Amino acid sequence: MTFDDKLKARAAREDSPAPAGFDSRMDALLGALPAQAAPPVRKRRPLRVAVCAAAAATLIVGASAAAPAVLEMTQHVIDYFRGQDDSAYATRQMQYERYSAAVGASRTVDGTTLTIDDLAVDDSYMTVFYTMTGEAPLERLEGDEPESWLAEWSAPVFWAMVDGKELDSTGTIQTEAYFADDCTLKGMHRLPIKTALPDRFDLLLYTGGTSSLPDADFRFALAVDKSTVDSLTVEPKQDFTVRYTWTDEQGAPHTATHTPRIERVSVSPLSSSLTLSERVTGDDMPWDSFVLRDDQGNYLPLIDGGLTGNSIGRSVNQFEFIGADETTRSITLIPIAGNGRSHEVRGALDALPLTDAGQNGLTLETLAIGADKAVATFSTHGVTWRENGRFSLTDADGDRLAFDHNAYFDSYTDRETGNIIATLYYPDLTEEALAQVAGVSFWQPDDIELLEEQAVTIALR
């Protein structure tokens, strides 16, 4: 079973199924990767051509004139955030604008222009802000899914070469996008930095095309200077061994051993990251069952970034975390053991904040219920492991509302507060069904066992 198969199997067991058409859209996205088959080309809508063409022409002229020879990470306004108030990175706007450079480089293929607006780089991430415009309206995927999802699936995916060497950006594709109008898509794409980059380097950004231009070749040769960005970064290259016991769904015990290596830890302005490598074979996946704690005893929330396996050589994975800053002196990696199970917490709408008696977990602080979606805010307490805040709406009897499989769940972690912002979309829910909502339930993780005797401390100073 491949990793993709495992993900699909896991999704099938959860309450909210994969959205309709997910597999075909995933196949199309995978098809945009280098050396992969291209997805079929879709016909464009021949609407508002003249207006769109004029806008694109204006963008090209202005962008070319503004392109700098060397991109220094200095403070300026990033236009992307003006139209994306609900961005998962909105609370970090000030940091992005402090450590970024205006680029303004454009390329045009078959009437579609891709412009790199801004670039932000520290020791953990390289973030590309871009605008895509068309002479005709851009291809939009259709569906009942949230508009932000459809825009992200229509957006380009970036890869990079640094000083002629491919940047390892494997893992979850970290992207956001929105349609400013029919002819304009604006987005941001974060590339993980798993190995040290020099302060000054030559950068080649390129894409594998877009959903409407699968064979397009957009390339941008840039020069970057990130010497003004202050990060706390160490590369201990430290191997350690983890042994733990777990039980399967039938209750049978199993013992597992992993030997990962701490490649890198970076406390950076845009975000902080831990990079681990491990030699894995076949369908085995790298170890990721750990929590982080700083030298003051504070637990540092981890943000799920996906895992990449590798049947040859070492698998290298980056883990984003928040809560550390320039005063942090050390970080301790603590292996954890547990069954990975959760229990349900239920309560009335007027019972917020809602939690249980456990020492660790989530507290539902607020819940805003609208006509087509509900937005929940969760805080965390104690030890948690990459929680997503999954919740359901219930009726007066405490039973969960049925959405006939046409409901979608999404969440992100606020990188300033550590709160989890979770959204349940229900585009087809009737007013009668919505009127039955009287309570809420969410999944609280069972207690986590810390394997303190196997903990590893990484000094940052």
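User: What is the relative accessible area of Asp-163, and how is the residue classed?
Analyst: The model is predicted: local features need pLDDT of at least 70, side-chain atom pairs count only at pLDDT 80 or more, and totals for chains, interfaces and linings use all residues. Residues are numbered from 1 along each chain as its sequence is written, and side-chain values use heavy atoms, with hydrogens and water left out. Buried means under 20% relative accessible area, exposed over 50%, partly exposed in between (1.4 Å probe, protein chains only). Asp-163 has a relative accessible area of 45%, so the class is partly exposed.

User: Where does Asp-163 lie?
Analyst: Asp-163 is not a glycine, yet its phi is positive, about 50 degrees. Helices (H or I, at least four residues) and strands (E, at least two) are DSSP runs, numbered from the N terminus. The site of Asp-163 is the loop between E5 and strand E6 (165-166).

User: Is Asp-110 exposed or buried?
Analyst: Asp-110 lies in the loop between E2 and E3. Its phi is near 50 degrees, a positive value in a residue other than glycine. The relative accessibility of Asp-110 is 64%, so it counts as exposed.

User: What is omega of the cis peptide bond that joins Leu-352 and Pro-353?
Analyst: Pro-353 has its place in the loop between strand E22 (342-348) and E23. The bond from Leu-352 to Pro-353 is cis, with omega about -5 degrees.

User: What percentage of the residues of the protein chain score a pLDDT of at least 70?
Analyst: pLDDT is the predictor's confidence in each residue, from 0 to 100. Over residues 1-68 it is below 50. The protein chain averages 83, and the share scoring at least 70 is 82%.

User: Which residues touch the most other members of the largest nonpolar core?
Analyst: A nonpolar core is a set of buried Ala, Val, Leu, Ile, Met, Phe, Trp, Tyr and Cys residues joined through side-chain atoms within 4.5 Å. The largest one holds 48 residues. Strands that each supply at least two residues of this core include E2 (100-109), E3 (112-121) and E4 (125-134). The members touching the most others are Tyr-96, Leu-119, Met-126, Leu-203 and Leu-205.

User: How many residues are in the other core, the one with Trp-287 and Leu-451?
Analyst: This core lies apart from the largest one. Leu-302 and Leu-333 are also among its members, and its residue count is 27.

User: Which strands are among what covers the buried residues of H5?
Analyst: In H5, Trp-149, Leu-150, Ala-151 and Ser-154 are buried. Ser-154 has a relative accessible area of 3%. The cover over the buried residues of H5 includes E4, E7, E8 and E26.

User: How many residues lie between E7 and E8 in their hairpin?
Analyst: Two strands pair if DSSP finds at least two bridges between them. E7 and E8 pair in the antiparallel sense over 7 bridges. Gln-174 stands opposite Arg-190 in E8. The number of residues between these strands is 2.

User: What kind of aromatic pair do Trp-149 and Tyr-408 form?
Analyst: Rings of Phe, Tyr and Trp (its six-membered ring) pair if their centres lie within 6.5 Å; planes under 30 degrees apart count as stacked, over 60 as edge-to-face and the rest as tilted. Trp-149 and Tyr-408 are 5.8 Å centre to centre, with 70 degrees between the planes. They sit 259 residues apart, in helix H5 (residues 147-154) and strand E26 (residues 408-413). The pair is edge-to-face.

User: Why is the pair of Phe-378 and Phe-391 classed as it is?
Analyst: Both Phe-378 and Phe-391 are buried. Their ring centres are 6.5 Å apart and the planes stand at 50 degrees, so the pair is tilted.

User: Which ring has the charged end of Arg-140 over it?
Analyst: A charge sits over a ring if NZ of Lys or CZ of Arg is within 6 Å of the ring centre and within 35 degrees of the ring normal. Arg-190 lies over the face of Tyr-125, at 3.8 Å from the ring centre. For Arg-140 the distance to the ring centre is 3.9 Å, and the ring is that of Phe-179.

Terms used: Contact = heavy atoms within 4.5 Å.
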